[in-house]
Amino acid sequence: MMRVTFIHADGKGRTEAEAEPGSILLDVAQAHMMPLEGTCEGQMACSTCHVIVERADFDRLPPASEMEEDMLDLATGVRRTSRLSCQIVLTEELDGLTVNIPAESRNMQGPR
């Protein structure tokens, strides 16, 4: 098992999650009630699963595809280290990954 930390949109709360290598970050986020929609089901037709990766972790990720970068152009609250969580496959190299949930995230799961 590997560990992922989600920093809540308020910047104060944190959720520690365990995941199997090969898991998609969006699926882990939703299983832990993080407010990420991911309504396109990984087809990159939306940007509702946008997360901000901690700077120290960003360089451990493979580069974003051109399509992902185009989708991030549509997201609100994008930062230099923004990525789509539906495109992050958790590998052992990403153990300890920390991501921030943007304040602008949409929550299809209702209030937490």
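Helices (H or I, at least four residues) and strands (E, at least two) are DSSP runs, numbered from the N terminus. With that in hand, welcome to this chain, which has three helices and five strands. Read from the N terminus, its elements follow the order β-β-α-β-α-α-β-β. The model is predicted: local features need pLDDT of at least 70, side-chain atom pairs count only at pLDDT 80 or more, and totals for chains, interfaces and linings use all residues. Residues are numbered from 1 along each chain as its sequence is written, and side-chain values use heavy atoms, with hydrogens and water left out.

**The sheet**

- Strands of a sheet pair through backbone hydrogen bonds, either parallel or antiparallel.
- Here, two strands count as paired if DSSP finds at least two bridges between them.
- Five strands make an open sheet with mixed pairing, and their order across it is β2-β1-β5-β3-β4.
- The edges belong to β2 (14-19) and β4 (82-84); each has a single partner strand, so one side of each is left without a neighbour in the sheet.
- On average, neighbouring strands of this sheet are turned by 35 degrees against each other, direction ignored; the axes behind this angle are lines fitted to C-alpha atoms.

**Strand β1 and its partners**

- β1 (residues 2-7) pairs with β5 (residues 97-100) in the parallel sense, over four bridges.
- With β2, β1 pairs in the antiparallel sense, over six bridges.
- β1 and β2 form a hairpin with six residues between them, and Gly11 in the turn has a positive phi of about 80 degrees.

**Covered and uncovered**

- Buried means under 20% relative accessible area, exposed means over 50%, and partly exposed lies in between (1.4 Å probe, protein chains only).
- Of the 112 residues in the chain, 49% are buried.
- β1 is mostly covered, with five of its six residues buried.
- In a regular strand the side chains alternate between the two faces of the sheet.
- β2 has a covered face, made of Thr15, Ala17 and Ala19, and an uncovered one, made of Arg14, Glu16 and Glu18.

**The largest pocket**

- A pocket is an open set of points on a 1 Å grid over the protein atoms alone, where a 1.4 Å probe fits, with protein on both sides within 12 Å along at least five of seven lines; lining residues have an atom within 4 Å of a point.
- The largest pocket holds about 170 Å³ of space, a volume being the space filled by probe spheres set on the points.
- The lining has 13 residues, and the closest to the pocket's centre are Phe58, Pro62, Pro63, Ala64 and Arg83.
- α3 (66-72) and β4 each supply at least two residues of this lining.
- By type, the lining residues are seven nonpolar, one polar and five charged.
- Ala, Val, Leu, Ile, Met, Phe, Trp, Tyr, Cys and Pro count as nonpolar, Asp, Glu, Lys and Arg as charged, and the others, Gly among them, as polar.

**Two residues to look up**

- Glu68 lies in helix α3 and is buried, with a relative accessible area of 2%.
- The side chain of Glu68 reaches the backbone nitrogen of Leu84 at 2.8 Å.
- Most residues other than glycine have a negative phi.
- Met33 has a positive phi of about 60 degrees although it is not a glycine.
- Met33 is found in the loop between α1 (25-31) and β3 (50-53), and at 42% relative accessibility it counts as partly exposed.

Definitions and conventions:
Axes are lines fitted to C-alpha atoms, for helices over the stretch in contact, and angles run from 0 to 180 degrees between N-to-C directions. A polar contact is a pair of N or O atoms within 3.5 Å; within protein, one must be able to donate a hydrogen and the other to accept it, and residues adjacent in sequence count only if both atoms are side-chain atoms.
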